[in-house]
Amino acid sequence: MKTSVVIPTVNGPDLALRLLDLLDRQTIKPDEVIITEQGSYLWDHVSSGHSFHLKPVYLDQKSLALSREIGSKDAVGD
């Protein structure tokens with residue numbers, strides 16, 4: 001079974017980075033983490049040392065519903 005985590009964020013790089021660190025500490029880690037980013041430059045701060053695949057999705061439009069929809073369509077997990 002593959003697991004995916006979708007994190008929609010609007011100018012929230014600090015919280016997203018904390019969440020990535022917490023996901024890294026879990027005993028069962030997700031196979032992928034998709035971050036739908038709106039407005040911030042989160043990827044300038046993300047290290048590549050995570051134990052799961054990180055996939056960035058940039059959105060020009062600020063919409064939480066759109067972020068969730070796009071993130072879930074890109075997910076490969078069960």
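## Close-up views of a predicted model

**View 1. The buried side of helix α1.** A16, L20 and L23 are the buried residues of α1. Down the helix axis, these buried residues fall within an arc of 65°, so they line one face of α1. This is a predicted model. The helix covers residues 13-24, 12 residues in all. From first C-alpha to last, α1 reaches 16 Å, close to the 16 Å expected at 1.5 Å a residue. What covers its buried residues includes three strands: β1 (4-10), β2 (32-38) and β3 (53-58).

**View 2. The other side of helix α1.** Exposed residues D14, L15 and R18 sit on the face of α1 turned away from its buried side. L19 also lies in this helix. Is L19 buried, exposed or partly exposed? L19 counts as partly exposed because its relative accessibility is 32%, and the partly exposed class runs between the 20% limit for buried and the 50% limit for exposed. The C-alpha atoms of L19 and I7 are separated by 8.9 Å. Along the chain, L19 and I7 are 12 residues apart.

**View 3. The largest nonpolar core.** This core holds 7 residues: I7, L20, L23, V33, I35, F52 and L54. Which elements give two or more residues to the core? They are α1 and β2. L20 and L23 belong both to this core and to the buried residues of α1.

**View 4. V33 and its contacts.** V33 has its place in strand β2. Its relative accessible area is 0%, so V33 is buried. Which residues does V33 touch, not counting those up to four places away in sequence? The contacts are V5, I7, L20, L23, F52, H53, L54 and K55. Of these contacts, I7, L20, L23, F52 and L54 are also members of the largest nonpolar core. Take L23 as one of the partners of V33. The pair is 10 residues apart in sequence. In space, V33 and L23 are 9.2 Å apart, C-alpha to C-alpha.

**View 5. The chain as a whole.** The protein chain has 2 helices and 3 strands. Along the sequence, the pattern is β-α-β-β-α. The chain has 78 residues, and buried residues make up 33% of them. Among contacts with a separation of 6 or more, 61% join residues 24 or more positions apart. The accessible surface comes to about 5100 Å². Carbon and sulfur atoms account for 51% of that surface.

**View 6. Confidence along the model.** The protein chain averages a pLDDT of 82. At least 70 is the score of 87% of the residues. Where is confidence lowest, and where is it highest? Confidence is lowest in β3, at a mean of 81. It is highest in β1, at 87. Both strands are included in what covers the buried residues of α1.

Note on methods
Residues numbered from 1 in each chain as written. Predicted model: local features only at pLDDT ≥ 70, side-chain atom pairs only at ≥ 80, totals over all residues. Heavy atoms only, no water. Helix = DSSP H or I, 4+ residues; strand = E, 2+ residues; numbered from the N terminus. Expected span 1.5 Å × (residues − 1). Buried < 20%, exposed > 50% of the residue type's maximum accessible area, 1.4 Å probe, protein only. Arc of directions from axis to C-beta. Contact = heavy atoms within 4.5 Å. Core = buried A, V, L, I, M, F, W, Y, C linked by side-chain atoms within 4.5 Å. Areas by Shrake-Rupley, 256 points an atom, 1.4 Å probe, with all protein chains shown as cover. pLDDT = per-residue confidence, 0-100.
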